[in-house]
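Welcome! Let's take a walk through this structure together, one region at a time.

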Amino acid sequence: MPKEYQGVITRFLHQDERFILSEENEMPLVIEADDATDFEFLKQFLASNSRQILEDMACYGAVLLRGFKIESEEQFERIILSIPEFRGISEAFMSEHGRVHVDNLNYVLHTNSVYKTGGTLYLGGFHTENYYSADVPGFLCFWCFQPSDLGGETGLINTQKIYSHFQDELKQKLEATSFFVCKWSVTEIADRYQITREMVNKICNYFNLPIMGEGEKQFVLMYKPSVLQHPLTKEKALQINLFELPSLNYELRKCFMKDYKGPVWFWHRFFWKLPTPVFNSVEKLAVIFISFFNSPKNSFKILSTKLSNFKANRKNKHFSDQPGKVGSCFNDKDIKDLARLMRNYYSSCLWKKGDILLIDNKKVMHAGMPGKGPRVIRAMMCNPLDMNYASTAPGFLAVSERTTETVGASMSKSKIS
């Protein structure tokens, strides 16, 4: 049993609080309101019990704060920052378009302002946060303002448990070397942050982000380790975005299909049974249509950036051969095994209004799960990790927190601090 906290109820989720049952019964740990449910009580509780909460996050992977009256984004931000060890991340380097701040708050983000995340027809897309950014948070926090009418939970996968089941041969491949993640043209970075190309170079050199090419053909490359060792538990966990395994979502749909029964899930099952090329085409068209409908300006900006990068890549002979990515480590059997492991250790927690979910991003992947109806979830990222970005770095990293500003904050301020 978990350690008891004073003034609250400490427990694990009941079966009726999970949409899908699995072998994962202890994530997240639930800290539930008892007599006191107000904002001030929770703020003081988190400040007083912060060290134990961090230990429980490291042990169980996630902690759910349930039954407290958190009614605004501002309260959410203040609650998270009441944990003394948490340092909010205001700006992540080259974050995805649509990941913007809510109103004038410093740290609270839309999960995506361009398209809906979770509560749709989509199943898949599990990831550790900010795999495609240089600024990886140690902790990820979600607050539920409005849960979906059906489904729409934030699914969790404990990647330490997943990794422990991998074959030794696969582990050796993953830990041997860092893999290429993505690249950006220096011009694109300078335009986004409204700074000079010289300042982009200076900041990238400071953070040891590799730069290749010259002039207009200059690119910033990012490689990353795929396996992190947790600083508290010393366990190893997989740290990637599973979009790097193109066939995985198809295998996941097969593994999860039986969990979505009845007429309310008919259209979801219908689309999941489509041939993969057809499904992928429908998915891409839907994302494009929804994005342009919700935010034409941002969608046009995304399209323009992709076209500029495509042209730059065609001109640049340095990158005619694509560097190896982490997906090359996994064969068909590995991917099928991974899908089964993910279903076996899947943690499903149905949202309730006011819930706050604290996730240890060093050992837990997440994804917005299928459903329907309006869904409003806000996010905060905290405590940037000190990462290696070079191609020569190993694929295994004993992780620690960064003490400096994030790369994104340095770009935004046009200085290193």
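This is a predicted model: local features need pLDDT of at least 70, side-chain atom pairs count only at pLDDT 80 or more; totals for chains, interfaces and linings use all residues.

Which residue stands opposite Leu-64 in S14? Leu-64 has Leu-357 opposite it in S14. Residues are numbered from 1 along each chain as its sequence is written, and side-chain values use heavy atoms, with hydrogens and water left out.

Let's begin with the whole chain. It holds 13 helices and 18 strands; both are DSSP runs numbered from the N terminus, with helices (H or I) of at least four residues and strands (E) of at least two. The radius of gyration of the chain is 21 Å, close to the 22 Å that the globule rule gives for 417 residues, so the chain is as compact as a globular protein of that length. Here the radius of gyration is taken over C-alpha atoms, and the globule rule is 2.2 Å times the number of residues to the power 0.38. Along its principal axes, the C-alpha trace spans about 65 × 50 × 45 Å. Of the 417 residues, 54% count as buried, where buried means under 20% relative accessible area, exposed over 50%, and partly exposed in between (1.4 Å probe, protein chains only). Residues 24 or more positions apart account for 81% of the contacts with a separation of 6 or more; a contact means heavy atoms within 4.5 Å.

Now back to the strands. An open sheet is formed by 7 strands in the order S1-S2-S3-S14-S5-S17-S4, with mixed pairing; two strands pair if DSSP finds at least two bridges between them. At the edges are strand S1 (8-12) and strand S4 (109-110), each of which pairs on one side only. Strand S3 (residues 62-66) is joined to S14 by 4 bridges, and the two run antiparallel. In this pairing, Leu-65 stands opposite Ile-356 in S14. Strand S5 (residues 137-146) also runs antiparallel to S14, joined to it by 5 bridges. There, Trp-143 has Ile-356 as its bridge partner in S14.

How many residues of S14 are buried? The answer is 5 of its 5 residues. Ile-356, Leu-358 and Asp-360 point one way from the strand, whereas Leu-357 and Ile-359 point the other way.

Is Lys-362 buried or exposed? With a relative accessible area of 5%, Lys-362 is buried. Its side chain makes a polar contact with the side chain of Asp-360 (3.0 Å). The side chain of Lys-362 also reaches the backbone oxygen of Gly-138 at 3.4 Å. A polar contact is a pair of N or O atoms within 3.5 Å; within protein, one must be able to donate a hydrogen and the other to accept it, and residues adjacent in sequence count only if both atoms are side-chain atoms. Leaving aside residues up to four places away in sequence, Lys-362 touches several others, including Phe-139, His-230, Gln-239 and Val-399.

Next, let's visit a helix. In helix H7 (residues 197-206), the residues Met-199, Val-200, Asn-201, Ile-203 and Cys-204 are buried. The buried residues of H7 pack against helix H6 (186-193), strand S9 (211-212), strand S10 (219-224) and helix H13 (407-413). After H7 comes Asn-208, whose phi is positive, near 60°.

Our last stop is the aromatic rings. Rings of Phe, Tyr and Trp (its six-membered ring) pair if their centres lie within 6.5 Å; planes under 30 degrees apart count as stacked, over 60 as edge-to-face and the rest as tilted. By this rule there are 25 aromatic pairs. The rings of Phe-256 and Tyr-346 have their centres 5.2 Å apart and their planes at 90°, so this pair is edge-to-face. Phe-256 lies in helix H8 (residues 248-256) and Tyr-346 in strand S13 (residues 346-347), so the pair ties together parts that are 90 residues apart in sequence. Both Phe-256 and Tyr-346 are buried. Finally, ring pairs link Tyr-5, Phe-41, Phe-45 and Phe-68 into a cluster.
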